[in-house]
Amino acid sequence: MREKELRLALVCYGGISLAVYMHGISKEVWHVARASRSFHSNEPENDGSEGVYGRLLRLMADERGFELRILVDILTGASAGGINAIFLAEAIAAGRSLDPLTGLWLEAADVDRLLDPEVSTVSRLAKAAAVPFAWALSNKRGGTVERTVEAGHRAEVRSKLSNFVRARWFAPPFSGAAFTDLLLDAFDAMAAAGAGPPLLPDYQPLDLFVTVTDFHGHPERLRLHSPREATEREHRLTLSFRKEAGTQCRLADSAELAFAARATASFPGAFPPFRIGELDEALAKRGRSWPGREAFVNRALPRQAAAGEAETAVLIDGSVLANAPFRPAIRALRSRPARREVDRRFVYIDPKPGGRAVRFTGAGGDALPGFFATIFGALSDIPREQPIRDNLEAIEGRSARIRRLSRIVEAMRPEVEAAIEAAFGSTLLLLRPTPGRLAGWRAKAQTVAARAAGFAYAAYAQLKLSAVVEEVAEALSGGEGADRGVREAVREAVWGAVRAKGLADPGSVTATGARDAFVLFLRTFDLSFRIRRLRFLARRVTALEGGSEAAREAIGPAREAIYDLLARYEEARDPAPAAAPGDADAAMAALAERLALRARDDYADTRLAGVLAALPKPERRSLILAYLGFAFYDIATFPLLQGEGLDEFDPVKVDRISPEDARAIRQGGAEATLKGVQFNSFGAFFSRAYRENDYLWGRLHGADRLIDIAASAAPEGLELAAETIAGLKRDAFRAILAEERPRLTAIPHLFEELYREIG
């Protein structure tokens with residue numbers, strides 16, 4: 001059975017009240033992940049849309065001989081998208097249910113529940129002055145309410161609009177404390193529902209990134225030539241959470257997740273800015289402790305904590321500066337393990353594509369904006385709505401480099417295999433591989449490759465030295481989250497130690513060989529070379545699995561061994577605690593002991609020798625030539641690609657989930673389906689019927705697009721028929737309607753319309 005993992009990196013945009021719509025989509029993503037886990041664990045199929053997704057996987061396996069596993073392992077979000085990303089990540093990591101959240105969204109995400117009681121009572125004069133505004137919004141003939149709200153719900157919307165407009169002027173109308181309580185209630189509800197198995201295999205880590213804006217900013221040091229150092233204020237923050245591979249635990253304490261959700265969704269003008277004291281008060285009222293508070297604050301707000309300002313830091317909506325947080329997800333690709341062929345997708349959820357979340361510039365595109373429109377648009381509207389072209393170009397650039405690597409390797413392969421066979425002779429494949437022979441063959445292949453490369457080998461070796469030194473410095477400084485000044489100081493100290501040993505001197509490496517100290521340094525610290533070589537071997541295994549059934553059966557144990565070895569090497573990537581810059585030699589010695597690459601190499605040689613010896617001759621020949629030939633390929637490709645493209649196998653694809661793309665039921669996009677787009681995207685806060693409408697469409701649109709995305713992962717020639725996909729969609733839609741109709745009692749007319757449209 002050919003195997004592939006469809007790995008989804010979700011990027012969730014902000015959307016204010018369209019968070020309810022995004023909850024519907026995230027619910028379907030959760031059902032897809034549950035269906036995949038159930039299918040591969042041979043568990044009984046569940047009902048609803050989850051059962052339809054399981055049937056899709058079974059059709060691929062039974063009719064196409066293709067086994068697809070669907071994982072969600074990277075999530076990023078801003079504002080409303082950040083809240084949904086946080087809840088979904090917790091559900092995936094801890095095996096929690098998203099079902100308890102639906103009731104909270106429908107009941108609590110309401111203007112009357114969110115209004116701050118301290119600002120909802122205003123003076124008699126202000127109330128009288130506000131009445132005309134409320135009347136204009138709600139009662140105008142042909143106005144928004146009359147055009148978009150069914151007659152039975154207009155009184156509710158008008159009443160809540162009136163309360164909203166009468167809230168005290170020049171103060172956020174919504175309560176920050178009530179919002180924090182709502183978030184804590186949501187996590188409590190998820191915990192009370194119990195937990196099942198996590199929705200990721202043990203070997204797969206989970207990363208969550210949530211953007212936040214530091215209102216006052218924090219100082220960041222810059223290293224310059226002249227002056228030596230400068231300082232600038234940085235306002236962007238990214239809160240990161242990670243569940244390591246092999247761990248069975250929650251993603252984080254619910255207080256930490258509530259901190260991230262409250263901070264990222266502090267929409268300017270609607271909610272007050274967030275300070276950590278607000279969360280402390282909410283926890284105290286509940287009688288709850290927060291054991292890891294200090295460690296979390298130091299990690300989440302390291303610059304502020306170092307300056308003694310973490311308690312007074314003012315945090316506002318993450319979408320102010322980063323509404324489409326692709327960049328953290330792209331960085332997370334660097335450390336993803338691969339146990340089989342991978343189809344990596346970036347899936348971004350945009351509830352209102354092409355439309356402003358908040359519009360200050362007026363409806364017309366030809367007229368010049370006025371004074372206030374220009375100011376407010378520059379401060380809020382434009383930064384939030386910048387296109388994602390730069391992010392997509394970065395993803396495409398990475399994908400292009402992966403494709404380039406594949407072309408280079410395929411072009412080189414005949415000559416490399418010929419060089420290996422010439423160097424080792426025809427007896428190579430007649431000998432049974434042993435750990436000792438494998439190590440000897442590898443050393444000889446490295447020497448042959450160096451001599452064949454000529455003067456270019458010295459450049460390759462120095463580049464590899466630089467890359468290893470930078471990785472050592474990164475590990476010793478505590479990773480990407482460390483202070484820039486600390487990272488730079490550690491980096492300079494490590495380079496000083498390397499130069500003191502003469503490793504960077506001209507002539508330390510030539511085509512005839514390298515100095516013993518140079519070789520020892522790479523054997524001690526060059527973790528990435530080992531990982532690149534094993535990933536290259538894994539690519540060859542994947543190619544062999546596309547052959548005959550006999551080849552797939554023979555190659556299975558080799559694949560398992562290679563990915564097990566990859567996991568063992570990947571374990572060594574975890575950064576160490578920050579080292580003192582002046583004690584680089586001692587820190588490097590401690591890092592070498594923790595890496596233990598010699599012991600890992602010995603184990604790898606023993607494991608590989610065993611599986612290679614058990615292979616039939618054709619498969620053994622192919623893998624041995626790939627393994628020994630990697631030295632040739634790395635010399636050619638590493639200077640061009642810096643090793644990129646050898647983690648997950650194929651170019652990254654980008655998919656979108658939005659009302660514009662899910663057209664199996666109804667055309668017209670957000671305007672034809674969603675109610676939350678009204679009132680500058682605050683619409684769903686004004687009516688239970690609005691929220692029910694958007695939540696239901698979120699589930700339907702999610703099912704529509706996720707079936708498309710899953711079906712598109714089939715290899716060429718193994719695709720499901722279009723009519724089969726259409727039938728699966730209809731079944732998923734009907735299952736969702738049947739499940740939700742008893743709960744969504746405010747929109748009976750919509751169910752009737754949908755049943756007719758679905759057919």
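Modeller: With strand pairing. The model is predicted. In it, β2 and strand β3 (residues 206-223) pair in the parallel sense, over four bridges. One point to look at is G77, which stands opposite V210 in β3.

Biologist: Which strand pairs with β2 over 11 bridges, and in what sense?

Modeller: Strand β1 (residues 2-12) does, and the sense is parallel.

Biologist: What joins β3 to β4, and in which sense do the two strands run?

Modeller: A hairpin joins β3 to β4 through five residues. The two strands run antiparallel, and 14 bridges join them. Strand β4 covers residues 229-243. For a landmark, take E220, which stands opposite E232 in β4.

Biologist: Now helices. What angle do α20 and α23 make as they pack?

Modeller: Take the angle between the axes, then the distance. Helix α20 (residues 516-525) and helix α23 (residues 584-595) pack at about 55°. Their axes are 9 Å apart. Angles under 35 degrees count as roughly parallel, and 65 to 115 as roughly perpendicular. The pair α20 and α23 is therefore oblique.

Biologist: Which residues meet there?

Modeller: From α20 come F521, T524 and F525. From α23 come M588, L591, A592 and L595. By class, this contact has six nonpolar residues, one polar residue and no charged residues.

Biologist: How does the helical repeat help me read such a list?

Modeller: An α-helix has 3.6 residues a turn, so residues three or four places apart point the same way. Helix α4 runs over residues 99-108, and its buried residues are L101, T102, W105, L106 and A108.

Biologist: Which helices do the buried residues of α4 pack against?

Modeller: They pack against α1 (19-40), α3, α5 (111-114), α9 (176-192) and α28 (688-711).

Biologist: What about backbone angles? Where does S79 lie, and what is its phi?

Modeller: Look for a positive phi at a residue that is not a glycine. S79 is such a case, with a phi of about 60°. S79 is found in the loop between β2 and α3 (80-94). Its relative accessibility is 4%. The cut-off for buried is under 20%, so S79 counts as buried.

Biologist: And A596: what is its phi, and how accessible is it?

Modeller: A596 has a positive phi of about 50°, and it is not a glycine. A596 is in the loop between α23 and α24 (597-614). A596 is partly exposed, with a relative accessible area of 29%.

Biologist: Is I725 buried or exposed?

Modeller: I725 counts as buried, at 16% relative accessibility. I725 lies in helix α29 (residues 722-740). Not counting residues up to four places away in sequence, I725 touches I707, D708, A711 and L720. The C-alpha atoms of I725 and I707 are separated by 7.4 Å, and these residues are 18 apart along the chain.

Biologist: Now the whole chain. How many helices and strands are there, and what share of the residues is buried?

Modeller: There are 30 helices and nine strands. Buried residues make up 54% of the 759 residues. The accessible surface is about 31600 Å², and 54% of that area belongs to carbon and sulfur atoms. Finish with contacts. Among those between residues at least 6 apart in sequence, 80% join residues at least 24 apart.

Methods: Residues are numbered from 1 along each chain as its sequence is written. This is a predicted model: local features need pLDDT of at least 70, side-chain atom pairs count only at pLDDT 80 or more; totals for chains, interfaces and linings use all residues. Side-chain values use heavy atoms; hydrogens and water are left out. Buried means under 20% relative accessible area, exposed over 50%, partly exposed in between (1.4 Å probe, protein chains only). Contact means heavy atoms within 4.5 Å. Accessible areas come from the Shrake-Rupley method with a 1.4 Å probe; for residues, only the protein chains shown count as cover. Axes are lines fitted to C-alpha atoms, for helices over the stretch in contact, and angles run from 0 to 180 degrees between N-to-C directions. Angles under 35 degrees count as roughly parallel, over 145 as roughly antiparallel, 65 to 115 as roughly perpendicular and the rest as oblique. Ala, Val, Leu, Ile, Met, Phe, Trp, Tyr, Cys and Pro count as nonpolar, Asp, Glu, Lys and Arg as charged, and the others, Gly among them, as polar. Two strands pair if DSSP finds at least two bridges between them.
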